[in-house]
Amino acid sequence: MTGEGDLRSNLLRSFEACFGEAPEWVARAPGRVNLIGEHTDYNDGFVLPMAIDRGVWVVGRSRGDRTVSVYSLYFDDRREFELDELDRGGDEWIEYVRGVAWALGERGHVLSGWEGVTAGDVPVGAGLSSSAAVEMATARAFHAASGFRWDPREMALAGQRAENEWVGVNSGIMDQMISASGVEGHALLIDCRSLATRAVPLPPGTSVVILDTSTRRGLVGSAYNERRAACEEAARFFGVPALRDVDVATLEARAAEMDPLSLRRARHVVTENQRTLDAAEAMARGDAAEVGRLMNASHASLRDDFEVSRRELDVIVELAQGHAGCHGARMTGAGFGGCAVALVDAAATEGFVREVAAGYEAATRLHPKVYVCAASEGASLERLAETGPAAR
C-alpha cells in the first residue's frame, strides 16, 4: 500500500488533472480504533478510542457558487450536486458528502460550493470507521470553503446526524468524535453523555496493533437490538436513565433480583464503564501492564456476559494474549467478526505481528490483516494558497 505522502501527491496531481488548476487546501480526517469501552456508548457511558494514522483526504478548491463537485479516486467516479437542491440519491459514496452538507445546513451553517478529489487508506469494512473519516474530512472541506468556525464537537454531531438520518446507519457518537477530536500520541476518553473529552497518553514504549480476523459481521442487526433492549430494560429495573448511572456495588447488591440474561448484559456494561475509566487512569500514569489487564478482562466480559464474540475473534485474542510481548488484547467494535486490538511492547512488535498472524492462519485457515498504528491528530486542514476564507 502506498504511504501517506504518496497518496497526498497522487491527490494533488489528480486534482490538477481533473479541474485544471492547483488546489487551495488539503483536508484530512482519521479512522479510529477503540482501545476499551465497548457497547457502553448507547448506555451514556465511557469509551477510550484513538485516532489512527490512516485516514481520508479531500484536496480541494473553493468555488464562487453553490455547487459541490467531487471526484473519488477509490471509485474512479465524479459526482456533482447543488447545495440548494439536496435530495437523497440512493446508497452511493456521494451520499456521505451530500449528507454532511445537509446536516451542516440543518445545524445553521451557511455553506459555499467547492470542488475536490478524495481518497483514503482506512480499510473499508474492517470496523475502523472509514465512514466517520469521510464525514469529518468532508466537514473540514466545507469549513475550508465556507469559513465557519471549526468546532470538533459540533462537527461530530453533524457527522453523526448525516450517518443516522441521511445515510441511514444507526451509529453512536464515538466514531465522529474521535475522528474530529483526536490528539496525536494520545487516546481520548469520551463521556458519551456530555461529550466531554480527556486526552490520555499511550503508555511509553508501546505499539497499538489492530488484528483483522478477515471475518465480517453477520446478523448484527437483530443481535444489536436485543442487547440494546436488554440494557434499556435493566436501566428501568434500576430506575435510572441509563446503565451508566449504575455502579458495580449497586449491581452486585441487586443481582439476585434480576433474571440471568439481564444480569449478564448489565454486568458487562457496568463493569466495562469502570474498566474504561480505570484504563484512562492507568494510561495517564504509563502503566501498560494494567491497561493490558483491563483489555483482557474486557474481552472476557464481551465474550461471556455480552456474548458478542465469535471463534475467530477468540482465537486471535488468545494468540495475542499468549505472546510474551503483549500487555493485553480484546475484540474491538460491535462484535460477531471484524477486528481485535492489542497493546504490545514496541520492541516486540515485529515478532508479535509475524507469530500471531502465522498462528491464526494455522488455526483458522484465514489470512489476517495486521495494522501497526500510531495515534493521530483529529480532522485537520492545510492551506496551500492564501485564497478563500481565512477562518481556521
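The side chains of His 39 and Tyr 42 are joined by a polar contact of 2.9 Å, a polar contact being a pair of N or O atoms within 3.5 Å, where within protein one must be able to donate a hydrogen and the other to accept it, and where residues adjacent in sequence count only if both atoms are side-chain atoms. The model is predicted, so that local features need pLDDT of at least 70 and side-chain atom pairs count only at pLDDT 80 or more, while totals for chains, interfaces and linings use all residues. Residues are numbered from 1 along each chain as its sequence is written, and side-chain values use heavy atoms, with hydrogens and water left out.

His 39 is found in the loop between β1 (25-36) and β2 (46-62); helices (H or I, at least four residues) and strands (E, at least two) are DSSP runs, numbered from the N terminus. Because its relative accessibility is 8%, His 39 counts as buried, the classes being buried under 20% relative accessible area, exposed over 50% and partly exposed in between, with a 1.4 Å probe and protein chains only. When neighbours within four places in sequence are left aside, the contacts of His 39 (heavy atoms within 4.5 Å) include Tyr 224, His 268, Phe 306 and Gly 333.

Strand β2 is joined to β6 by 2 bridges, and the two run antiparallel, with Phe 46 opposite Asp 191 in β6; strands pair if DSSP finds at least two bridges between them. Strand β6 (residues 186-191) is largely enclosed by the rest of the structure, because 5 of its 6 residues are buried. β6 also pairs with strand β7 (residues 197-201) in the antiparallel sense over 5 bridges, and Leu 189 has Arg 198 in β7 as its bridge partner. These two strands, β6 and β7, form a hairpin with 5 residues between them, and Leu 195 in the turn has a positive phi of about 65°.

An open sheet is formed by 4 strands in the order β9-β10-β8-β11, with antiparallel pairing. Since β9 (326-332) and β11 (369-373) stand at the edges with a single partner strand each, one side of each is left without a neighbour in the sheet. On average, and with direction ignored, neighbouring strands of this sheet are turned by 20° against each other; axes are lines fitted to C-alpha atoms, for helices over the stretch in contact, and angles run from 0 to 180 degrees between N-to-C directions. Helix α10 (residues 311-321) packs on the sheet, where it touches β8, β9 and β10, and its direction makes about 170° with that of β9. Helix α11 (residues 349-364) lies across β8, β9, β10 and β11 and runs at about 20° to β8.

A search of the whole structure finds 8 aromatic pairs; rings of Phe, Tyr and Trp (its six-membered ring) pair if their centres lie within 6.5 Å, and planes under 30 degrees apart count as stacked, over 60 as edge-to-face and the rest as tilted. Two of these pairs are listed here.

| Pair | Type | Centre to centre | Between planes |
|---|---|---|---|
| Tyr 74 and Phe 75 | edge-to-face | 4.8 Å | 80° |
| Trp 102 and Trp 166 | tilted | 5.5 Å | 40° |

The pair of Trp 102 in helix α2 (residues 94-106) and Trp 166 in helix α4 (residues 152-167) links distant parts of the chain, 64 residues apart, and both tryptophans, Trp 102 and Trp 166, are buried.
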